[in-house]
Amino acid sequence: MKKKSNSGDLFRRPSNSRKGRRIMTVKERFLNYISINTRSEEDTGQVPSTDGQLAFARMLADELDALGAEKVRISEYGYVMAELGSNLEADIPALGFIAHMDTSPDASGENIKPRIIENYDGGVIVLNEELGMCLDPAEFESLKSHVGEQLIVTDGTTLLGADDKAGVAEIMCLVEHLVSHPEIKHGKICIGFTPDEEIGNGADYFDVSDFGAQFAYTVDGGELGEIEFENFNGCNAGVYFKGKSIHPGSAKNKMINASLVALEFAAMLPMAETPQHTEGYEGFYHLHDMKGGVEQAELQYIIRDHDRDKFEERKRFMALAAFYINKKYGEGTAKLIIEDRYFNMKEKIVPHRELIEYAGLAMCAAEVSPKIVPIRGGTDGARLSYMGLPCPNICTGGHNFHGPYEYCSVNSMEKVVEILINLVEQYTKGKSE
Ligand SMILES: [Zn+2]
């Protein structure tokens with residue numbers, strides 16, 4: 001981006017248009033946003049997958065316009081993008097902030113009735129007496145670090161939507177803060193709100209070059225202080241078995257029962273390398289769907305591993321198991337189809353280590369202890385990192401995503417806004433020195 005001779009001009013927006021408009025708190029924004037149902041859905045044949053997301057996209061674009069953001073646009077796939085121009089003399093790389101607009105298909109996002117717990121006393125929070133649903137710190141340990149804070153919980157019938165409307169609200173507060181504080185120096189800031197993250201498609205139609213940032217952060221993590229830049233390598237693995245059906249009465253030495261062959265295949269995989277037996281950096285094979293008769297059977301797996309070599313080794317191991325089945329029962333008995341989904345973003349982030357350092361420093365400046373945690377999943381940021389936009393993930397202050405036990409701390413959300421502001425300053429400082 002070229003240096004502007006009159007860089008102050010970028011902030012010479014019609015300042016009177018903002019006069020008299022009250023700054024909205026992150027809590028107010030959040031409560032507004034969760035009133036729109038943006039649950040995404042698999043296989044609707046449209047992008048975004050649901051209309052609610054488009055309605056939300058329009059609302060966010062209007063708000064960005066009203067705040068004075070530049071180049072506010074909604075793509076044909078419902079991606080909202082906007083910019084704040086640089087107000088610096090120095091030419092520094094553009095920095096992006098990204099959050100997703102949809103909520104998980106795993107739980108209802110319709111008619112969310114948030115309840116505010118003013119000053120959490122550390123006890124059990126009854127979400128819904130009729131349904132017997134409670135948030136109990138004995139079960140949900142994270143509650144213990146929020147005593148004395150203001151929490152937002154559900155009524156037990158829907159999710160809350162902090163994943164990721166907390167992130168959206170925090171980024172919008174960042175925009176509002178930067179617009180109302182032109183004395184804060186920054187390079188070009190790019191804002192992106194994406195649809196369909198929860199069904200794994202959030203990066204599909206993300207136009208990295210149109211977005212215009214060299215680096216970005218997704219604001220889509222959980223507990224305050226989390227910084228994530230290591231995620232699983234992930235692929236889908238479908239195994240399709242062909243049997244030979246013969247009348248059971250005369251099947252001796254002839255029948256090949258596809259279902260039994262499938263079980264044999266499953267038994268060849270390491271029994272303890274499954275999600276229920278692994279944690280941290282440990283990878284797994286996860287059988288998530290199966291069907292079968294005598295003629296045909298199929299097993300659907302996902303394979304996950306942080307380590308790329310071990311990930312490839314797992315794929316080879318599965319291929320070997322299929323090879324063995326084919327040797328034993330005849331060529332074509334087992335067919336393995338592997339489809340890579342995403343890779344560990346670590347190798348794309350490590351060359352830009354400062355992204356993690358700045359996030360850590362921004363947290364420390366907000367008196368939050370940074371915690372680097374490996375993600376046992378993938379993120380949009382992982383895919384974006386491989387699309388040329390290195391993109392670690394930072395916390396939102398929400399917990400227990402994707403279900404009715406989801407909750408967030410208003411205090412944490414306020415801290416995240418502070419962290420984002422610090423991050424912009426840190427990045428500017430780090431780059432212009
Ligand atoms: Zn999310």
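Analyst: Before we start, buried means under 20% relative accessible area, exposed means over 50%, and partly exposed is in between, using a 1.4 Å probe on protein chains only. This is a predicted model, where local features need pLDDT of at least 70, side-chain atom pairs count only at pLDDT 80 or more, and totals for chains, interfaces and linings use all residues. Residues are numbered from 1 along each chain as its sequence is written, and side-chain values use heavy atoms, with hydrogens and water left out.

User: What makes S9 count as mostly covered?

Analyst: Five of the five residues in S9 are buried. Phe215, Tyr217 and Val219 point one way, while Ala216 and Thr218 point the other way. In a regular strand, side chains alternate between the two faces of the sheet.

User: How do you know which strands S9 pairs with?

Analyst: Two strands pair if DSSP finds at least two bridges between them. S3 (residues 95–100) is joined to S9 by four bridges, running parallel, and S16 (residues 393–394) pairs with S9 in the parallel sense over two bridges. Both counts therefore meet the cut-off. Thr218 takes part on both sides: Ile98 stands opposite Thr218, and in S16 its bridge partner is Asn393.

User: Which atoms are called donors of the zinc ion, and why?

Analyst: Donors are N, O and S atoms within 2.8 Å of the metal (3.2 Å for Na, K and Ca); water is not among the atoms, so sites may look incomplete. Here they are His100 (NE2), Asp163 (OD), Asp220 (OD) and Asp220 (OD), at 1.9 to 2.8 Å from the zinc ion. Along the chain they follow H-x62-D-x56-D. Asp163 sits in helix H4 (residues 162–180) and Asp220 in the loop between S9 (215–219) and S10 (226–228), so the pair ties together parts 57 residues apart in sequence.

User: Why is the site called irregular?

Analyst: Four donors are tetrahedral if all angles lie between 85 and 135 degrees; four count as square planar and six as octahedral if opposite donors are over 155 degrees apart and all others between 65 and 115; anything else is irregular. The four donor atoms here give angles of 51 to 145°, so the site is irregular.

User: Are the two aspartates buried or exposed, and what about Glu279?

Analyst: Asp163 is at 7% relative accessibility and Asp220 at 15%, so both are buried. Glu279 has 60%, so it counts as exposed. Glu279 lies in the loop between helix H6 (258–268) and strand S12 (284–292).

User: What makes a group of residues a nonpolar core, and which members touch the most others here?

Analyst: A nonpolar core is a set of buried Ala, Val, Leu, Ile, Met, Phe, Trp, Tyr and Cys residues joined through side-chain atoms within 4.5 Å. The largest one has 71 residues, and Phe30, Phe97, Phe193, Tyr217 and Ile394 touch the most other members. H4 gives this core its largest share, eleven residues. A second, separate core of 23 residues includes Val261, Phe311, Ala321 and Phe343.

User: Why are S4 and S17 called edge strands?

Analyst: The open sheet has four strands in the order S4-S7-S18-S17, paired antiparallel. S4 (115–117) and S17 (398–399) each have a single partner strand, so one side of each is left without a neighbour in the sheet.
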